[in-house]
Every structure is written in C-alpha cells, then in structure tokens.
Amino acid sequence: MTPTRHFTGDASPYGGGDPYADYRTADFPFISLLDLADRRLGAGVVAANDEFFAERENLLKPGPAEFDPERFGHKGKIMDGWETRRRRGAGATEPHPTDEDHDWALIRLGAPGVVRGLVVDTAHFRGNYPQSVSVEATSLPGSPSPEDLLAPGVAWTPLVPRTAVGGHAANGFVVDAEQRFTHLRLNQHPDGGIARLRVYGEAVPDPAWLAALGTFDLAALENGGQVEDASDRFYSPATNTVAPGRSHKMDDGWETRRRRDKGNDWIRYRLAARSEIRAVEIDTAYLKGNAAGWATLSVSDGEGEEWTEILPRTRLQPDTNHRFVLPEPVCGTRVRIDIFPDGGISRLRLFGSLTEAGAARLAARHQELGG
C-alpha cells in the first residue's frame, strides 16, 4: 500500500488569521468516490480506548474541522477532533511509552464496501498529532458490539501500515484490498489527535437485504449506486443527489455554475446492478432561484453510449419533489439526467428492483469480496 501523499513533522504554531492558510493537503485520486464513513449513511465511531481531550464522534463530523483559538475547557484546549491524553511510560526510569503503545477507535461504516482510499486529517493538531497512524478493517455480519469486534478470533486486514504523519495536514492513502469491509480500526501511535477520518470507496450492499425489500432506490449510495461523471461540480458534488434522506439546505444538493452557452448540464449514474425501473423522483428541495428549468431522463442497458429516453423534457418547479410513474418498467444498468439549461437538483430517486441477472451478478460479487 503506497500513501498517495502524507506529511511529516509539526506545522507552525497558530499565528492568527485564517487557520487553514498553512494547511497541508494534496489532490487525492479517490475523493470523488463515496465516503463509506459518512454519518448520513449511518456510520459511527462505536468505541475508543481514550477520548480525554476531545470525543471520538468528531472524527466523522461532516465538513472541515473548525478552530477557535480562545476556546478552552477544564481539561484544556477544546479541539474539533478526537484527542487522547499524553501517554507515559512505566515509571521514572522509563518515562516514555513503548513502541507498541497506541490509542484506537472503532468505526462502523455506514455503507459496507470496498475501501479505495483514506484521508487521516490532522487539521489544527499542529504539535499534538500522532507520530504515526495505522488502519485495519474487518467484516462482521449484523450489528456487532465493541466487545464482538475486539474478540480474539476476529480477523483484521491491514489497510494502512504504521506510517508517519504530519500535523495540520490531510494525510492520504491509497488502499488496494479487494474485500468488502464493515468496520475499521484507526490506530494512532502513541497518542495525540486526529480531526477527521474519511473512508472513500464503493458500497457493496447485502443482496439478501435488497431481495427482501423488493422495491428500493436503485441509484442510492447505500444500495450500491454510483455517480460515474457529471458536467459540472462547481458549487456542490453530484453524489449529493443520491445521498440518504431529503436535502436540508441548498448546498446539500447539486448546483452548477451559470451557463453562458447553449449547452446543458448532466449527471451519469451506474445502478447497483441491472435493474427494472418503475418510478422516479426528481427533487429540487431548497433550490429556489437556481433550480433546473427542465429535465430529461435516459437509460442505457450496457457499456455503450446508446441512451433511451424514458422521461421527456419536463418542466421542474423550484423547491419541489416531482414524482413520475413510468408507463412501462424499463431495464438498464446506467441512468443519465440532463437538466436545461443549468441550475441544480437536490435528489434523484429511481424506484424498482433488480432483474434476475442483476441479482445474480450482485450476489456473485458480494461472495467474491468475502461478504
């Protein structure tokens, strides 16, 4: 496993002004993928051995970590991250922690799947970040407790070997373990603070669960839907359109820049597997003066670019959830929404079920990945 880009050493002490002015980061190839540890998908930090200075739940908070230089509590500086106390050695003659000493946190992924990349973010931890980190993963059925996860017989697969990291930085790692995981163990050696953990990859849903549901949202991230590409991501990512729940504010949807040509904007999706689509929702919640004017929907039933229109160009209203029952069910593996001329939508829902071939393919992949 090769780090895409990680940093070492302290960052400079905070000197005032914008705290992100000297933040160290890089372009990571995997950040367009789904964050499997997104709280909106049901992810959580289920346990940690220590959270003396700052609670473990901060690791998965949406958005960048915030910093208030004047905010202190009875235990010290209040940080927007997970921070443990300083480790000490066995006694006065051995004051330093051993090489094996470390702190850990257990993370339940909101969407079990294949991990393609990780970002261990130490934003604002300038001199109190861990010397190194490591990450392991496992797959357990159901809803295991922390005790279940820490049981002796549980097999953990290394995703990131113990690697030195730097303070006030986004430390990125490419992961090449072709397995389906449900939980991670984040280790910091020997102690310190981490602001955020992002886990990018591809959701691999449980075929038995989807079969039991029958009809479900075929494009939803938690059900294995993916955004393949989009014409514009200027204001917000296209993946928001297949995130769980309804949008709660304008930037929780997809919004493009204003077009000054005669073209139009679009998003292309890959469904969980070959599916039969029966109904559609196009939601423009919170997009009031910048909702798309019209939309069409097309389906492709293969890898080529042959698209069949299933929803003709239809007027959209601002801040409205539009529902359409298709005259006949339509089968496909990919879907494209075109909006005219620009603007945005907050959510796209495609309701239906897997075809027999799609269900078989999904079950085979689930088994191949150790599900």
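Visitor: Which ring does the charged end of Arg 315 sit over?
Guide: The ring of Trp 294, with the charge 4.6 Å from the ring centre. To count, NZ of Lys or CZ of Arg must be within 6 Å of the ring centre and within 35 degrees of the ring normal.

Visitor: And where does the charged end of Lys 77 sit?
Guide: Over the ring of Phe 72, 5.5 Å from its centre.

Visitor: Ground rules before we go on?
Guide: The model is predicted, so local features need pLDDT of at least 70 and side-chain atom pairs count only at pLDDT 80 or more, while totals for chains, interfaces and linings use all residues. Residues are numbered from 1 along each chain as its sequence is written, and side-chain values use heavy atoms, with hydrogens and water left out.

Visitor: How many aromatic pairs?
Guide: Six. Rings of Phe, Tyr and Trp (its six-membered ring) pair if their centres lie within 6.5 Å; planes under 30 degrees apart are stacked, over 60 edge-to-face, and the rest tilted.

Visitor: What about Phe 28 and Phe 30, stacked or edge-to-face?
Guide: Their planes are at 0°, so that pair is stacked, with centres 5.7 Å apart. Phe 28 is buried at 8% relative accessible area, and Phe 30 is buried at 3%. Buried means under 20%, exposed over 50%, partly exposed in between (1.4 Å probe, protein chains only).

Visitor: What about Phe 234 and Tyr 235?
Guide: Edge-to-face: 4.8 Å between centres and 85° between planes. Phe 234 is partly exposed at 48%. Tyr 235 is also partly exposed, at 48%.

Visitor: Which residues do ring pairs link into a cluster?
Guide: Phe 28, Phe 30 and Tyr 200.

Visitor: Pockets now. What volume does the largest have?
Guide: About 1400 Å³. A pocket is found on a 1 Å grid over the protein atoms alone: an open set of points where a 1.4 Å probe fits, with protein on both sides within 12 Å along at least five of seven lines. Points are joined across faces, edges and corners, and the volume is the space filled by probe spheres set on them.

Visitor: What's the lining like by class?
Guide: In the largest pocket, 23 nonpolar, nine polar and 15 charged. Ala, Val, Leu, Ile, Met, Phe, Trp, Tyr, Cys and Pro count as nonpolar, Asp, Glu, Lys and Arg as charged, and the others, Gly among them, as polar.

Visitor: And the second largest pocket?
Guide: Its volume is about 570 Å³. It has 26 lining residues; Pro 112, Gly 142, Arg 180, Thr 182 and Asp 206 lie nearest its centre. Strand 6 gives the most to this lining, with five residues. By class, the second largest pocket has 11 nonpolar, 11 polar and four charged.

Visitor: Last one. Phe 340: buried or exposed?
Guide: Buried, at 15% relative accessibility. Phe 340 is in strand 19, residues 321–340.

Visitor: What does Phe 340 touch?
Guide: Asn 264, Ala 292, Gly 293, Trp 294, Ala 295, Thr 296 and Arg 313, leaving out residues up to four places away in sequence. Contact means heavy atoms within 4.5 Å.

Notes. On a 1 Å grid over the protein atoms alone, a cavity is a set of points where a 1.4 Å probe fits but cannot get out, and a pocket is an open set with protein on both sides within 12 Å along at least five of seven lines; lining residues have an atom within 4 Å of a point. Helices (H or I, at least four residues) and strands (E, at least two) are DSSP runs, numbered from the N terminus.
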